[in-house]
Amino acid sequence: MFSEKYNEFLKIFLSASVIALVLFGPSLRGDFTLDDHSVIEKGVQLKCLTNIFELWVSPWHPGGEWAGNYRPLTTTSFALNTFFSEGPLGFRIVNLLLYALNVVFIFYLVRKLSSEKVAYLTAIIFLFLPIHSEAVMSIVGRVYLLGTLFSLLSIHYLLENKYWVSSVHFLLALLAGDIFISVLLIIGSLLLLEHKNIIKTFKLGLAYTAGLPIYFIFRYLALGKYAFGGYGFVDPIIGPLAFVSVKERVFTALSHLYLYLRKTVYPVDLSPDYSFNQIPIVSNLFSSWRALVGLTFIAILFYIFYKSKRKDIKFAIILFLLPYLVVSNIFFITTGTMAERWWYFPSIGLAMLVAIGAESIGLKFKAQSLKLKKYIYGAGIVILAFYAFIIFRQNRVWLNDKNLFIYASEKSPNSAWARTNVAEGFFLSGSVERAKKEIEAALKISDQYPSALYVLGQIYWKEGRFGEAEEVFKKAIKFDIYDRNKRSLYRSLALVNLDTGNNKQAL
């Protein structure tokens, strides 16, 4: 019996790994990108395994307590990667294998709750979703791969009534990534659904709180005053939702829900950036058809949840809605507004709902002609082929920063962050005129964005316009209210003054 289970696991894992290798294989030759540089390349503590304990009392970004991110299990996995090789290839291979492993555990978890056909369909749908590209191809996306793995195991052991084993895996998921606090909400809801008794749910749920004091102690040691939230760590350009009312956050979250759903089904415009101005803040629900679609979708799910007698449908809705609630910026303020990598965990519940629907349609037409079934299967194959094409195209995007920033500015043309990154890339490669064009576009979006002003100052400096460069750097310091760029800006001011012979001011 054990041998049969092992062989089944191995077959599914190898199949998922081969498909994942075909889909994401071209990205294996890619460089480090975006946050990979600060977290991995500049992560001095990763270079020696003797520093592992230090990783557990350190922020995600070295010196970046202000970001409020604590992910020691993921950084420990990076340290183990670095022990074998410091190049990006090993990191990317591990990400790909984790993705395949998640597909396997999704299969087993869904099969425990539903039919084998639904389990296979859910696993296949999840495996082929292009919106997962960022979580797999961005090395730091391992946060979501690793956190999802332990979340699935936690829910698996919960369903077997092994509450303490489940609670350990919940803690591991939380240590992989902060957003997996959503697992606690999922577990509470599943316990309540199963026992229909608040007192019993509370007593059983106590097992999941046992490790939280230790977690928060270590979190405080790593992040200090930023350990328990607050808006002080949020950049207004990257996370504008932190600075609007709760009503606006709710309405905008509904708009984001529509976008997530649309980009899951029709992923032709995936983007690594959804920062300031790219997606408008929704102040009036009835002024945004996207928000209304999002609200309608949630209303339908609530109706299905209330009416359905099937536990697998209720489970899928819980697994979808509660993780989205955490990443929606309604109650838990994040450093961003929307990100495709955040959709990785919630999409399991969505894939399961689609699989259940597909099975129900199949059963309804069971007595129909074989020809109709062929059409249905053919349509499914065409959709998967289309998704595979999109994923294959995304491989090129995540090969290096240049490709990524150019692509981001094309897909998110109203993003000051994206346009600034493209401008900096052009400037560093010597294309000053192209850099000026992009930075002008960025400053039209926000003329108070310190990073954009910094690049403009660099351009003026290179052109010998020292006075203008100095004024722009000073303006950037004025708007850098969270001291993110102070060191670079003051250093640039010092060097500009040295260039003009003003040594006293440079000092």
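Which residues does Phe320 touch, not counting residues up to four places away in sequence? The points below take up this matter and several others in the structure, which is a predicted model.

1. Contacts of Phe320. Leaving aside residues up to four places away in sequence, Phe320 touches Leu257, Leu261, Phe297, Leu301, Trp343, Pro346, Gly349 and Leu350. Phe320 and Trp343, which touch each other, are both listed among the residues of the largest nonpolar core that touch the most other members.

2. The largest nonpolar core. This core holds 122 residues. Besides Phe320 and Trp343, the members touching the most others are Phe24, Ile40, Phe78, Tyr99 and Ile186. The element that gives the most to this core is helix α5 (residues 88-113), which supplies 13 residues.

3. The second core. A separate nonpolar core of 33 residues is also present. Its members include Ala418, Val432, Ala452 and Tyr460.

4. Aromatic pairs. The model contains 30 aromatic pairs. One of them joins Phe107 and Tyr108 in an edge-to-face arrangement, with 5.2 Å between the centres and 70 degrees between the planes. It is classed as edge-to-face because an angle of over 60 degrees is required for that term, and the planes here stand at 70 degrees. Phe107 has a relative accessible area of 1% and is therefore buried.

5. A stacked pair across the chain. Tyr266 and Phe386 form a stacked aromatic pair, with centres 6.3 Å apart and planes at 20 degrees. This pair links distant parts of the chain, its two residues being 120 residues apart. Tyr266 lies in the loop between α13 (246-265) and α14 (289-307), whereas Phe386 belongs to helix α17 (residues 370-397). Tyr266 has a relative accessibility of 46% and so counts as partly exposed; Phe386, at 30%, likewise counts as partly exposed.

6. An aromatic cluster. Phe107 and Tyr108 are also part of a cluster linked by ring pairs.

7. Charges over rings. Two such arrangements deserve mention. The ring of Trp60 has the charged end of Arg71 sitting over it, at 5.1 Å from the ring centre. The ring of Phe305 has the charged end of Lys314 over it, at 4.4 Å from the centre.

8. In one of them, Asp178 pairs with Arg219, and the closest N and O atoms are 2.8 Å apart. Because Asp178 is in the loop between α9 (163-176) and α10 (182-195) and Arg219 is in helix α12 (residues 212-223), this pair ties together parts that are 41 residues apart in sequence. Both Asp178 and Arg219 are buried.

9. A salt bridge between two helices. Lys311 forms a salt bridge with Glu194, with 3.0 Å between the closest N and O atoms. Lys311 lies in helix α15 (residues 311-327) and Glu194 in helix α10, so the pair ties together parts that are 117 residues apart in sequence. Lys311 is partly exposed, at a relative accessible area of 47%, and Glu194 is partly exposed, also with a value of 47%.

10. The side chains of Glu468 and Arg465 meet in a salt bridge, at 2.9 Å from N to O. Glu468 is partly exposed, with a relative accessible area of 38%, and Arg465, at 29%, also counts as partly exposed. Through salt bridges with shared partners, Glu468 and Arg465 are joined with Lys436 and Glu463 in one network.

11. Glu438. Not counting residues up to four places away in sequence, Glu438 touches Arg419, Val422, Ala423 and Phe426.

12. Ile383. This residue is found in helix α17, the helix that also holds Phe386. With a relative accessibility of 43%, Ile383 counts as partly exposed. Ile383 and Val354 are 29 residues apart along the chain, and 13 Å separates their C-alpha atoms.

Technical notes
Residues numbered from 1 in each chain as written. Predicted model: local features only at pLDDT ≥ 70, side-chain atom pairs only at ≥ 80, totals over all residues. Heavy atoms only, no water. Phe/Tyr/Trp six-rings, centres within 6.5 Å; stacked < 30°, edge-to-face > 60°. Buried < 20%, exposed > 50% of the residue type's maximum accessible area, 1.4 Å probe, protein only. Helix = DSSP H or I, 4+ residues; strand = E, 2+ residues; numbered from the N terminus. Lys NZ or Arg CZ within 6 Å of the ring centre and 35° of its normal. Core = buried A, V, L, I, M, F, W, Y, C linked by side-chain atoms within 4.5 Å. Contact = heavy atoms within 4.5 Å. Salt bridge = Lys/Arg side-chain N within 4 Å of Asp/Glu carboxyl O.
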